[in-house]
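Please look over the sequence and structure first.

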Amino acid sequence: MINRVKNLLEKYIVEIAVSLYLLYLLYINVAETIYGYVNVWYVLDYSYGFGSRLMLGSLLHLFTGDFLEEETAYHFVIAMLGILCVLISVLAGMVYRKIKDDNRKLAALFLIAFYLASPASPAYLWTRENMGRLDTYLFISAVIMAMIYMKVKNRYVKYALFLAIGVFTISIHQVYIFLFFPSLLVMMIHDVWQSGFEKKQILMSLSTAVILGCVFLYMQFCSGIYYDNLDELVAELSSHTSIGLSVPPLEAEYFWTIKDHFYKNQLPELRERIRFGIITVVLLTPIWGTYLWLWIQAIKSSKDALAKSKYILMLLTNVAYVPVFALMNDWGRWFAAFFIVQFLSMMVLAYVGDEGIVQGLEKLGKAIRKNSVIFLVFILYVASFEKFQGLNYLEQVERFYYSTYDLKEWILGR
């Protein structure tokens, strides 16, 4: 019995370690309340209209009835965050066990630890400013899709699940198409190349992408709510919950145009946002640099132009982030999703044995063995940053800017 337990612990050590680590962080660091700007999405349901962001409230009302207690919504969020932690640990364990080569295994382990230590780890979703964000459910869907891709062999079943989960996720929040959809695109691109450009596979991949794109366009531009007066909407919602509702998100989502979002939210602080955004990119070079290096290694190891084009196309899926960075101001959330998608893409491609990524992982594993201290410092370095917020910048980024500015003033004698 003891040996059996020992064997199970050894076999599932990654799942156990990652889940315990994340659940412990959730236990000691979780915000005390749902962030006021997003709590309204737990109350709104399809009785108020038809469109994105109404799915979650509708599901909650199925179990809680017509009145939603604040405590119930809060505990629901914690439960979903716990599920996310377990899903990520299972995904990490699946990938780690599937890889047999020691160097590749070490590289995968490094990427897992690197991600968990980074500002984009799941812990960013239980900070004060992100607690209860709908990104939680988009992230869960992305991880589930990755696991389906790795385990479901029948492609018709697999793509039917992709389509169903994708539509459901866009119904929770249409921003999925910019934040986490690129990870699904990477998987579908891999399938097209793996099939030798089989017509059925091309049709399935294109159809899935087009249908989800059309669902997004409908949710973004052709849906809405039945209320023309903001005060009436707030009064009606308040009668169905004990949550103190925030008015600005309702006004911004249902009474503003995209132009309003840009001019009222993005433009006033755009200069500051670009400044801190650039510093964020520079300070987090070890993270995006590692992923970019792996992509480059995959391209270099490709035998011909057609094989190279696969990885170039996978990299181009990140163009999806351009609209949200250009039009919307929650750059912390966008950065987090970008790094998450890179992590998920690498995990999935490592699991299925993608030739280019496997070659990159082998080189990375050898480099880690040769210079283990440097890579340990990388992990410690990214762990020194707080987790991404929503609208606010990383505290270390702001301190870096102001400290550098003060140092410049002191050197110049001003």
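Which residues line the largest cavity? They are R273, F276, G277, T280, W331, G332, F335, F388, L391, N392, Y393 and L394. The model is a predicted one: local features need pLDDT of at least 70 and side-chain atom pairs count only at pLDDT 80 or more, while totals for chains, interfaces and linings use all residues. Residues are numbered from 1 along each chain as its sequence is written, and side-chain values use heavy atoms, with hydrogens and water left out.

**Cavities**

- The structure holds two cavities of 30 Å³ or more; a cavity is a set of points on a 1 Å grid over the protein atoms alone where a 1.4 Å probe fits but cannot get out, and lining residues have an atom within 4 Å of a point.
- The largest cavity has about 90 Å³ of space, a volume being the space filled by probe spheres set on grid points that are joined across faces, edges and corners.
- Helix α14 (270-283) gives the most to this lining, with four residues, and α18 also supplies at least two; helices (H or I, at least four residues) and strands (E, at least two) are DSSP runs, numbered from the N terminus.
- Seven nonpolar, four polar and one charged residues make up the lining of the largest cavity; Ala, Val, Leu, Ile, Met, Phe, Trp, Tyr, Cys and Pro count as nonpolar, Asp, Glu, Lys and Arg as charged, and the others, Gly among them, as polar.
- The second largest cavity, of about 30 Å³, is lined by A146, S183, V186, M187, L344, S345 and V348.
- Two or more residues of that lining come from each of α9 (181-194) and α18.

- The largest pocket has a volume of about 950 Å³; a pocket is an open set of grid points with protein on both sides within 12 Å along at least five of seven lines.
- Among the 42 residues that line the largest pocket, R53, Q174, E253, H261 and M328 are the closest to its centre.
- Helix α12 provides the largest share of this lining, five residues.
- By class, the lining of the largest pocket has 24 nonpolar, eleven polar and seven charged residues.
- The second largest pocket holds about 370 Å³ of space, and W288, N318, Y321, F338 and Q342 lie nearest its centre among 13 lining residues.

**Helix α12**

- In α12 (residues 247-255), P249, L250, A252, E253 and Y254 are buried, where buried means under 20% relative accessible area, exposed over 50% and partly exposed in between (1.4 Å probe, protein chains only).
- The cover over these buried residues includes β2 (224-225), α11 (230-238) and α13 (258-266).

**Aromatic rings**

- There are 29 aromatic pairs in the structure; rings of Phe, Tyr and Trp (its six-membered ring) pair if their centres lie within 6.5 Å, and planes under 30 degrees apart count as stacked, over 60 as edge-to-face and the rest as tilted.
- F325 and W331 form an edge-to-face pair, 5.2 Å centre to centre with 70 degrees between the planes.
- F325 counts as buried because its relative accessibility is 17%, and W331 is buried at 11%.
- Y321, F325, W331, F335, F338, F339 and F388 form one aromatic cluster.

Terms used:
Contact = heavy atoms within 4.5 Å.
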